[in-house]
Amino acid sequence: MTSDLHRPRFHFTAPTNWINDPNGVCFHAGRYHLYYQYNPNAAKWGDIHWGHASSADLVHWRDEPIALAPTPGGADAGGCFSGSFALVAGQPTLYYTGYTAQRQVQCAATSDDLQHWTLQPARTITTPPPGVGVHDFRDPYVFRHDDRWYMVVGASLHHERGQCLLYRSDDGIAWDYRGPLFTSPNLAFGRMWECPNFFLLGDRWVLTVSIWPGLGAHWFVGRFENEVFVPESDGVLDLDAGAFAHLTMQGPDGRTLQWAWMNEQREQARIDAAGWAGAMTVPRELSLDARGRLNLCPVTELAALREASVEVVTTGALCGVVATFAGRHLDIEATFTIRSVRDSQKLGLTVLASPDGGEVTRIVFWPDARRLSVERARSSTDALVRRQDLHGMLVLDEGEALHLRVLLDGSVLEVYANDRLALATRVYPVSEASVLGSVFVEGEADVALQVWAMGCLHEGPRSKLAQPPLALLSPTPMPN
Ligand code: FRU
């Protein structure tokens with residue numbers, strides 16, 4: 001355990017070393033389970049196992065022993081790639097991709113306690129359908145529909161465009177290939193679709209895919225007819241690939257919950273020094289709004305980690321810094337009611353600023369351009385971290401206020417705007433004094449701000465570093 005400025009407290013990270021995709025998320029026998037792609041031996045991708053953690057409340061997580069390890073000489077000898085959980089005739093079952101240098105196959109493993117898993121080699125789906133290569137066939141996601149089991153698998157058609165394959169089974173053991181569920185309408189959606197999820201949300205079907213190489217993730221909402229998906233609307237899931245490999249489950253209360261993986265955005269030398277790599281987004285709840293758009297927001301349970309809070313409400317014409325605060329692990333809610341839109345007007349928040357302004361990260365909304373940006377050019381003085389700006393479009397309805405939910409957690413920054421634009425990224429300020437935050441407006445706006453210092457989700461903290469006490473620091477003006 002180190003004094004690590006960048007280690008998150010309320011976003012899940014592995015005890016040490018590398019993680020990527022969330023896997024096999026489920027609720028079983030009174031606990032939530034989060035499995036994840038894990039390299040137990042290094043803080044870089046390779047030798048992929050399934051790590052495991054569990055929680056009674058979605059908020060406090062306990063590390064569990066490694067769940068899946070490559071089987072020497074087996075179909076997963078080179079790695080246990082991503083997959084999902086299903087309770088099949090009362091039997092907890094994991095479906096995942098077995099990787100070897102020769103091919104990718106879909107494996108099943110069963111367990112009675114969710115800790116010890118037994119590979120069931122006879123159940124392996126060994127061959128992809130025609131048109132799909134043996135290296136383009138992975139990430140099974142299993143769900144129940146119409147009293148049958150279905151499985152979607154990520155694929156590439158002719159190694160050229162993303163595709164999602166559909167399988168069906170009566171017993172969850174023997175699978176029939178039914179055909180492509182949905183094929184990418186164009187080449188802009190990447191060469192391969194990874195980690196497809198397909199689930200019913202209200203009266204609509206949602207397909208989410210992660211686009212390879214590196215183009216981020218996308219959602220489609222539509223109908224499931226004759227075992228084919230017919231999209232009606234679509235949009236970006238987490239801008240700029242800041243979060244990837246989304247995995248969704250049905251909660252015991254019917255909510256649709258989702259996690260995604262946030263990769264590091266720094267050079268390997270820095271990752272090696274830190275000894276850990278990758279974090280999960282907080283669990284999110286998904287819904288559809290009246291226009292059929294996918295909405296997402298952090299689960300309400302997160303409030304259990306809120307500690308001290310400060311609050312500022314101002315009304316009327318304003319210009320400048322409304323309030324300043326300090327902290328490195330914060331949950332921030334800011335509502336801006338914009339009274340009139342002017343050219344080049346902007347408003348938003350700064351976080352992780354140093355007193356001299358040498359380091360600062362800005363979350364800025366331009367009402368006239370309808371653009372939300374995370375400006376990272378000055379987020380760190382370290383040349384070995386990524387610092388490009390991120391932008392997304394947010395069109396406010398007539399009279400609609402801007403609501404920003406900002407989860408700042410060491411190097412993790414998640415921004416949710418009006419529950420329909422999510423922007424997850426990483427920032428790595430170098431100075432221990434880079435803890436200042438502010439809210440600023442230009443032009444007429446009413447602002448309601450609440451900031452909470454956040455506690456730790458892990459049973460033992462991952463870093464020794466304490467965060468500074470939360471307090472409003474006004475009137476010190478902040479650089480912006
Ligand atoms: C997505 C992914 C999956 C694969 C896993 C390997 O990040 O590439 O397609 O199963 O990671 O770790």
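# A walk from the ligand to the sheets

Start by selecting strand 1 (17–28), strand 5 (79–88) and strand 9 (137–145): each of them supplies at least two residues of the shell around the ligand. Strands here, like helices, are DSSP runs numbered from the N terminus (E, at least two residues, for strands; H or I, at least four, for helices). You are looking at a predicted model, in which local features need pLDDT of at least 70 and side-chain atom pairs count only at pLDDT 80 or more, while totals for chains, interfaces and linings use all residues. Residues are numbered from 1 along each chain as its sequence is written, and side-chain values use heavy atoms, with hydrogens and water left out.

**Stop 1: the ligand**

Show the residues around the ligand: Asn20, Asp21, Gln37, Trp45, Phe81, Ser82, Arg138, Asp139, Glu194, Phe244 and Trp261. Colour the shell by class and you will find four nonpolar, three polar and four charged residues. The classes are Ala, Val, Leu, Ile, Met, Phe, Trp, Tyr, Cys and Pro as nonpolar, Asp, Glu, Lys and Arg as charged, and the others, Gly among them, as polar.

Gln37 has a polar side-chain atom 2.7 Å from a ligand oxygen. For Asp21, an N or O atom of the side chain is 2.8 Å from an oxygen atom of the ligand, and for Glu194 the corresponding distance is 3.1 Å. The protein buries 91% of the 320 Å² that the ligand exposes when taken alone. For polar contacts the cut-off is a pair of N or O atoms within 3.5 Å; accessible areas come from the Shrake-Rupley method with a 1.4 Å probe.

Asn17 is not a glycine, yet has a positive phi of about 70°.

**Stop 2: a hairpin**

Next, select strand 3 (residues 49–55) and strand 4 (residues 62–68), an antiparallel pair with four bridges. Strands count as paired if DSSP finds at least two bridges between them. Ser54 has Arg62 in strand 4 as its bridge partner. Six residues separate the two strands of this hairpin, and Leu58 in the turn has a positive phi of about 75°.

**Stop 3**

Move on to the open sheet with the order 13-14-15-16, which has antiparallel pairing. Strand 13 and strand 16 (228–237) are its edges; each has a single partner strand, so one side of each is left without a neighbour in the sheet. On average, neighbouring strands here are turned by 25° against each other, direction ignored. The axes behind that angle are lines fitted to C-alpha atoms, with angles running from 0 to 180 degrees between N-to-C directions.

Between strand 13 and strand 14 there are eight antiparallel bridges; Asn197 has Thr208 in strand 14 as its bridge partner. Follow the chain to the loop between strand 14 (204–212) and strand 15 (216–225), where Pro213 lies. The peptide bond from Trp212 to Pro213 is cis, with omega near 0°.

**Stop 4**

End the tour at Glu333, which stands opposite Arg405 in strand 30.

Conventions: A residue is near a molecule or strand if one of its heavy atoms lies within 4 Å of it. A polar contact is a pair of N or O atoms within 3.5 Å; within protein, one must be able to donate a hydrogen and the other to accept it, and residues adjacent in sequence count only if both atoms are side-chain atoms.
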